[in-house]
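Here are my notes on the model you asked about. Keep the structure open while you read, and look up each spot as we get to it.

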Amino acid sequence: ATSKLWGGRFEEKSAEWVDEFGASISFDQLMAHEDLEGSLAHVKMLKHTQILNEQDANEIIVGLEKLQAKLAAGELTFNVENEDIHMNMEALLTQEIGPVAGKLHTARSRNDQVATDLHLYLKNRLQQVVVEIKNLQKVLVEKAEANVETIMPGYTHLQHAQPISYGHYLMAYYQMFQRDVERFTFNLQHTDILPLGAAALAGTTFPIDRHFTAKELGFSAVYENSLDAVSDRDFVLEFLSNASILMMHLSRFCEEIISWCSYEFGYLELSDEYATGSSIMPQKKNPDMAELIRGKSGRVYGDLMGLLTTMKSLPLAYNKDMQEDKEGVFDAVKTIIPSLKVFAGMLATAKVNKQKMQQATEHDFSNATELADYLATKGMPFRQAHAIVGQLVLEGLKTGVNLQDIPLEKYQEIEPKVGTDIYNDLQSKVAVKRRHSFGGTGFDQVKRQIKNAKEQLEK
Ligand code: ARG
């Protein structure tokens with residue numbers, strides 16, 4: 001036998017560098033807290049079912065509680081020899097209470113233990129992520145409220161399309177983040193299922209009570225199938241997919257912020273707290289935080305691709321490949337939470353140049369649809385109106401005359417029913433205001449969205 005916890009059937013020990021390769025303690029110690037929590041619930045169940053007698057169980061409970069205190073005080077040290085957090089904890093418990101510690105692992109395997117730790121870890125983080133998204137949504141609603149009547153160009157193909165309210169733009173992102181909240185909340189349902197009690201893969205002959213353990217740990221359900229319980233990493237993949245979609249949303253928004261901070265757009269100025277300078281060019285104010293969040297979307301996609309690829313050919317049940325599941329999740333968690341915080345702060349403190357935004361809608365042809373719509377309301381088929389306005393734009397581009405500057409007589413030659421009210425309709429602010437259709441950019445519609453959002457956030 002070798003000195004390993006599982007050393008019984010071994011005659012020769014592995015080289016230190018092989019141990020190091022196989023060990024996960026360098027990163028899975030992030031689940032130390034969860035590991036102790038899981039063990040405590042497990043031993044309480046063993047006591048409750050009388051699989052362990054009161055005295056043994058109580059000794060283990062006291063030992064685990066001591067380890068909890070030491071962990072909180074930063075007094076626990078782990079080593080590679082004990083491979084992972086589970087065996088490190090068992091070794092520490094043995095140091096604490098002696099050989100009775102060996103009874104803790106009754107009716108349990110590291111396979112259901114590691115799955116339990118990961119479920120616990122993610123359950124907590126999912127809740128944090130949702131809180132951070134909601135904080136960002138609050139900033140969006142506040143900013144939207146202050147900018148219902150701020151007019152900006154709406155783009156398609158990054159070409160001026162039709163003027164919109166900046167509040168409307170912000171509320172579009174609110175909706176995307178709302179779907180993120182819903183995805184993570186659904187993700188929580190799949191994470192809120194307890195694998196413990198599946199043992200290695202087949203369940204156990206001990207008369208365990210999995211529902212008792214679930215209640216102890218605050219899980220809503222237990223896995224129906226022991227093979228599934230130890231093989232499933234769908235909940236992690238869901239998390240990484242959701243995190244990727246979230247980062248995609250943040251990244252799109254960042255892309256626009258970066259453009260808008262440029263001299264050419266000039267719609268936005270970031271506060272000094274969320275911008276950086278250049279070591280050589282004294283005039284610079286760079287949107288580094290927005291770029292970094294855009295950049296970090298790449299690593300989160302990488303975390304997702306990594307685990308999808310790791311899992312794709314694994315036979316049931318546990319395989320050591322699955323040890324590769326953790327670093328990606330940890331990385332995604334430590335990326336998305338600060339990204340959300342930084343983004344929310346950056347947006348909250350950015351200054352909007354309302355004038356610049358509105359001006360950009362006043363010397364362009366983004367009121368062309370208004371003109372075509374106007375002619376259509378006078379009875380002209382929309383297709384014909386579209387063609388005529390197209391020609392006016394073409395002429396205007398050559399002569400430098402915008403649609404609102406074409407004299408009334410000329411409009412009346414095109415369509416005798418045209419009145420002076422046409423000039424009202426051609427103003428960008430009016431164009432926005434009049435878009436009352438449900439979900440449109442009309443001021444009343446933006447206000448409706450804001451009202452609903454506030455109610456949603458209060459829930
Ligand atoms: N360190 C392992 C992991 O992270 C724990 C489970 C080990 N189980 C086993 N049968 N080798 O996946």
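1. Start with A317, which sits in the loop between α11 (288–311) and α12 (325–349). (Helices are DSSP runs of H or I with at least four residues, strands are runs of E with at least two, and both are numbered from the N terminus.) The bond to look at here is the one joining L316 and A317: it is a cis peptide bond, with omega about 5°. Most peptide bonds are trans, and most residues other than glycine have a negative phi.

2. A quick word on what you're looking at: this is a predicted model, where local features need pLDDT of at least 70, side-chain atom pairs count only at pLDDT 80 or more, and totals for chains, interfaces and linings use all residues. Residues are numbered from 1 along each chain as its sequence is written. The protein chain has a mean pLDDT of 97, with 100% of its residues at 70 or more; pLDDT is the predictor's confidence in each residue, from 0 to 100. The model's scores are ipTM 0.97 and pTM 0.95.

3. Next, find L158, in the loop between β1 (151–156) and β2 (159–165). L158 isn't a glycine, yet its phi is positive, near 60°.

4. Now the ligand. Which residues are around the ligand? They are S24, D28, D84, R110, N111, V114, Y318, K320, M322 and Q323 (a residue is near a molecule if its C-beta atom, placed from the backbone, lies within 6 Å of it). Helix α6 (residues 110–146) gives the largest share of this shell, three residues. By type, the shell has three nonpolar, three polar and four charged residues (Ala, Val, Leu, Ile, Met, Phe, Trp, Tyr, Cys and Pro count as nonpolar, Asp, Glu, Lys and Arg as charged, and the others, Gly among them, as polar).

5. Why does the ligand shell lie between two domains? Because domain 1 (17–106) and domain 2 (111–196 + 224–359) both give residues to it. The domain bounds come from an automatic or database domain assignment.

6. Last, α6 and helix α7 (residues 166–191): their axes come within 9 Å and cross at roughly 165° (axes are lines fitted to C-alpha atoms, for helices over the stretch in contact, and angles run from 0 to 180 degrees between N-to-C directions). So α6 is roughly antiparallel to α7 (angles under 35 degrees count as roughly parallel, over 145 as roughly antiparallel, 65 to 115 as roughly perpendicular and the rest as oblique). Their contact has 17 nonpolar, seven polar and four charged residues.
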